[in-house]
Amino acid sequence: MKALLALASLLLTVLPLAAQESQPVRSIRVLCLGDPPPFVQEVRNGIRYEVDPPKGSVPPPRVNIRGIQVESGQPSLSLRLRLASKRHTYVAGEEAVLILENPDGSEWLRAPLPQFEKSMLVLWRDKSGTWEEPRHLFVSDEVPSGSVRVHNFSGSMKGIVFGAQKLKVAPGKATKLQFPDGASRADFALLYQQADQSLRPFHTTSLMADDSLEQQFFIYTADVKDSRMPFKVVTLTEPKVVRSES
């Protein structure tokens, strides 16, 4: 009887550990799309001081991660407009929910996590809104070799010219562009439709075909009054991250 009890106790200890080890390891990072408010200074006693931006005009500079257990480092994220945050890895449980909290402990955002191995949480605000209640969407943060990914968060259809290809990307969607076989580069342009129905480029460049890089473009609507271009782009060109098998 004692032997059976000991065996049962061992199984109760080992089974939860085995279940945890079988859960997939995933990664998450955050990208805030938008424009900073105008830089403002004031003079006090003959010295210029930077004025803090209006409340809600920028995302919180740092948020704490709750709801998931990150593998290493501080469970927090530094947020900056147009810059991707640090990537955190975590063990994915069933129906995991990501919670981001302000430094005072108040909840800033809550969202169910997707099943992507590598996720990017993209945040943005409506023109009439603030960063206190941002809109959000998870996208895959992995770009297949030999391709480029374009994400459209602008709210309207956008045109793409990629070498000899001419395509469209719908709002809230992404499209993958494949370099032609043997091509070392391709001209690239993003276009929007003007009031007279003509197309005007708002971003042009030449892209290199490099399997060691991941290239992504995030289109968003300029949220600053009198912006020279109504649409803007965040470009992420980064070394491809390959997770080693343990």
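**Figure 1. Strand 4 and strand 7 in the predicted model.** Strand 4 (residues 62-66) is paired with strand 7 (residues 97-101) in the antiparallel sense, and three bridges connect the two. The model shown here and in the following views is a predicted one. Within this pairing, Arg66 is placed opposite Ile99 of strand 7. Both strands belong to an open sheet of four strands with antiparallel pairing, in which the order is 5-4-7-8. The edges of this sheet are formed by strand 5 (76-78) and strand 8 (107-112), each of which pairs on one side only. On average, neighbouring strands of the sheet are turned by 25° against each other, direction ignored.

**Figure 2. The largest nonpolar core and the surroundings of Leu100.** The largest nonpolar core contains 23 residues, of which Leu98, Leu100 and Leu121 touch the most other members. At least two residues of this core come from each of strand 1 (25-32), strand 4, strand 7, strand 8 and strand 9 (118-124). Apart from this core lies another, of 18 residues, which includes Leu207, Phe217, Phe231 and Val233. When neighbours within four places in sequence are left aside, Leu100 is in contact with Val63, Asn64, Ile65, Leu77, Glu107, Trp108, Leu109 and Leu121.

Figure 3. Strand 11 (residues 147-153) is mostly covered, and seven of its seven residues are buried. In a regular strand, side chains alternate between the two faces of the sheet. In strand 11, both faces are covered: one side carries Ser147, Arg149, His151 and Phe153, the other carries Val148, Val150 and Asn152, and all of these residues are buried. Strand 11 runs antiparallel to strand 14 (residues 174-178), to which five bridges join it. Here Arg149 is found opposite Lys176 of strand 14. With strand 17, by contrast, strand 11 runs parallel, and six bridges join the two. Asn152 is located opposite Ile219 of strand 17.

Figure 4. Gln215 is a residue of strand 17 (residues 213-221). Its relative accessibility is 6%, and Gln215 therefore counts as buried, the cut-off being under 20% relative accessible area. A polar atom of the Gln215 side chain lies 2.9 Å from the backbone oxygen of Met208. Residues up to four places away in sequence not being counted, Gln215 touches Val143, Val148, Arg149, Phe179, Leu207, Met208, Leu236 and Thr237.

Figure 5. An open sheet of four strands with antiparallel pairing is arranged in the order 13-12-15-16. Strand 13 and strand 16 (199-208) stand at its edges; each has a single partner strand, and therefore one side of each lacks a neighbour in the sheet. From one strand to the next, the twist averages 20°. Strand 15 (residues 185-193) and strand 16 run antiparallel and are joined by nine bridges. In this pairing, Phe188 is situated opposite Thr205 of strand 16.

Figure 6. Lys166 is part of strand 13 (residues 165-169). With a relative accessible area of 75%, Lys166 is exposed, a term applied to values over 50%. Leaving aside neighbours within four places in sequence, the contacts of Lys166 are Ile160 and Val161. The C-alpha atom of Lys166 is separated by 9.6 Å from that of Ala189, a residue 23 positions apart from Lys166 along the chain.

**Figure 7. The protein chain as a whole, for orientation.** The protein chain comprises one helix and 18 strands. It has 246 residues, of which 37% count as buried. Among the contacts between residues at least 6 apart in sequence, 56% join residues at least 24 apart. The accessible surface of the protein chain is about 14900 Å², and 53% of this surface belongs to carbon and sulfur atoms.

Definitions and conventions: Residues numbered from 1 in each chain as written. Predicted model: local features only at pLDDT ≥ 70, side-chain atom pairs only at ≥ 80, totals over all residues. Heavy atoms only, no water. Buried < 20%, exposed > 50% of the residue type's maximum accessible area, 1.4 Å probe, protein only. Polar contact = N/O pair within 3.5 Å; in protein donor to acceptor, adjacent residues only side chain to side chain. Contact = heavy atoms within 4.5 Å. Pairing = 2+ DSSP bridges. Areas by Shrake-Rupley, 256 points an atom, 1.4 Å probe, with all protein chains shown as cover. Axes fitted to C-alpha atoms, helices over the stretch in contact; angles between N-to-C directions. Core = buried A, V, L, I, M, F, W, Y, C linked by side-chain atoms within 4.5 Å.
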